[in-house]
Amino acid sequence: MASLVQACPWCYVGKARFEKALAAFPHRDGVEVVHRSFELDPGRAKDDVQPVLTMLTAKYGMSEAQAQAGEDNLGAQAAAEGLDYRTRDRDHGSTFDMHRLLHLAKERGRHEALLDAFYRGNFADERSVYNDDERLVELAVGAGLDAGEVRAILADPAAYADEVRADEREAAQLGATGVPFFVLDRAYGVSGAQPAEVFGQALTQAWGERTPLKLIDDGGAETCGPDGCAVPQE
């Protein structure tokens, strides 16, 4: 499980590093990745949109020059992972609608495509993804979703809201206080945008320490399998 946020630049970078490690993992085909919702600003109003630098200076008490230096550093780290990153004039706002649409995308088998589209839209494209339903529709359609269905979700604030909140509760129960946060086999937690090598080591350790299934079977119970079901004998 990975808890990620579309507004979190380290999630953008961390996802790329984790995927690099996963691609090199010998047991890749045996790993299922599930993305969960996590909001940086839960409860933030949809129309409360501000420049990233303004948010950073207010939230962390840093100067605008320090905030810009941080953005430049993130841009360099993103570029090292082959990612585009716009270090100037980005916005920050609520991600709740994006999380709701990601739950729709999961049901339609387009979750990964939409997650990547939201990341590109937020960190690489010039047009803001915040407080702009038609921008979200455009990105969702590009990821393979139906425009009418997406608009219907955005028009209904309750649609998938419970699913987003359930994800957030689960993340909290697993110890996620920030993102990115990766949980392997519900036994190992990896916090932060770690280097691919660290993710690789964590995958290897989690795989090697999996608890094998203990089978309790007295040999007398009938079962069904690929060849059919056992025929009861008198």
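This is a predicted model: local features need pLDDT of at least 70, side-chain atom pairs count only at pLDDT 80 or more; totals for chains, interfaces and linings use all residues.
Helices (H or I, at least four residues) and strands (E, at least two) are DSSP runs, numbered from the N terminus. Residues are numbered from 1 along each chain as its sequence is written. Local features need pLDDT of at least 70, side-chain atom pairs count only at pLDDT 80 or more, totals for chains, interfaces and linings use all residues, and side-chain values use heavy atoms, without hydrogens and water.

The structure holds 1 cavity of 30 Å³ or more. A cavity is a set of points on a 1 Å grid over the protein atoms alone where a 1.4 Å probe fits but cannot get out; lining residues have an atom within 4 Å of a point. The largest cavity contains about 90 Å³ of space, the volume being that filled by probe spheres set on the points. Its lining has 12 residues, and His 35, Arg 36, Ser 37, Leu 102 and His 111 lie nearest the centre. α4 gives the most, with 4 residues.

α5 also packs against helix α6 (residues 133-142), at an angle of about 135° and with the axes 9 Å apart. Axes are lines fitted to C-alpha atoms over the stretch in contact, and angles run from 0 to 180 degrees between N-to-C directions. Leu 114, Ala 117, Phe 118 and Gly 121 of α5 make the contact with Arg 135, Leu 136, Leu 139 and Ala 140 of α6 (heavy atoms within 4.5 Å).

Terms used. On a 1 Å grid over the protein atoms alone, a cavity is a set of points where a 1.4 Å probe fits but cannot get out, and a pocket is an open set with protein on both sides within 12 Å along at least five of seven lines; lining residues have an atom within 4 Å of a point.
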